[in-house]
Amino acid sequence: MSAQRKFGLIIVGDEILSGRRQDAHFRKVIELLGKRGLQLSWARFVGDDFEALVAEYKRSFASGDIVFSSGGIGSTPDDKTRDAVAAALDLPLELHPEAAALITKRTMEMAEKGVFNVDMGSPENQRRLAMGLFPVGAEIVPNSYNQIPGFFIQDHTFVPGFPEMAWPMIEWTLDNRYAHLHASSIEVAKSVIVYSLPESRITPALEFIENEWKTIKTFSLPTVARNGNKPYIDLGVKGPEGPELQEAFDYLRGAVLRVGGHFMDKPEGDV
């Protein structure tokens, strides 16, 4: 069952933590998982610090979770992910033969266009080949954008930081390695915007819903007053689409009215 496996995301790069670049992966990974009836359980941001990366990967490998890691697998000195993964697993790095073949093919294609050097022994092409150094036992992750692969080992998928490359690689992994975990029914959320109601007053109704409809979860997302607008709660239920979800949602709306609140489909003042 998909509920028995958790999915995690590690986003690597000093440029994210410094604000030099904005993360593009968090929301997208949630979307890619959600389309398959899966859910992200946790996410972490880590800089280009070798010891910090080793510690993070040791933790994530020990967790047994399915993890996607983005960034740090290029060929410059700040790309430390491959070495950190190898250290975390106490494994040597080796040039993966499939990766080497793909990198060489890509290099020759670019050399024909006058962009790269045709000599694979040149320093720049040796750095390109170094992107195929993976921990022993790793498998490649195909990269449809430029053919330079990522790698997979122990339920961890390592992809570049570029969204154009990373997102198709994550999709490929979900559909080729974890298709058996895809849910037969997609989780749906139904919610209302509730005014004039403290969370504490509606909490018993939320507890009743989760006890009465075992496949349904509730959520309560309060706001504070800002910009002259009144505070409200985004209150709802989520679960497999069907009669139980609708029954729970109908009960929730009735409960709001019974305890003195009122609800709307969207916040007051929105257009």
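In strand 8, His156 is the bridge partner of Ile153. Strands here are DSSP runs of E with at least two residues, helices are runs of H or I with at least four, and both are numbered from the N terminus. The model is predicted, so local features need pLDDT of at least 70 and side-chain atom pairs count only at pLDDT 80 or more, while totals for chains, interfaces and linings use all residues. Residues are numbered from 1 along each chain as its sequence is written, and side-chain values use heavy atoms, with hydrogens and water left out.

Strand 7 (residues 150-153) and strand 8 run antiparallel and are joined by three bridges; two strands pair if DSSP finds at least two bridges between them. The hairpin that they form has two residues between the strands, and Gln154 there takes a positive phi near 50 degrees. Strand 8 is also joined to strand 3 (residues 66-70), by four bridges, and these two run parallel. Ser70 stands opposite Val159 of strand 8.

In a regular strand the side chains alternate between the two faces of the sheet. From strand 8 (residues 156-159), His156 and Phe158 point one way, Thr157 and Val159 point the other way, and all are buried. Buried means under 20% relative accessible area, exposed means over 50%, and partly exposed is in between (1.4 Å probe, protein chains only).

Phe158 also belongs to a cluster that ring pairs link together with Tyr57, Phe134 and Phe151. Rings of Phe, Tyr and Trp (its six-membered ring) pair if their centres lie within 6.5 Å; planes under 30 degrees apart count as stacked, over 60 as edge-to-face and the rest as tilted. The structure holds eight aromatic pairs. In one of them, Phe7 and Tyr178 have ring centres 6.3 Å apart and planes at 85 degrees, so the pair is edge-to-face. Phe7 lies in strand 1 (residues 7-12) and Tyr178 in the loop between helix 7 (163-177) and strand 9 (187-195), so the pair ties together parts that are 171 residues apart in sequence. Both Phe7 and Tyr178 are buried. The rings of Phe134 and Phe151 have centres 4.8 Å apart and planes at 25 degrees, so this pair is stacked. Phe134 is in strand 5 (residues 133-135) and Phe151 is in strand 7, 17 residues apart. Phe134 is buried, with a relative accessible area of 2%, and Phe151 counts as buried at 0%.
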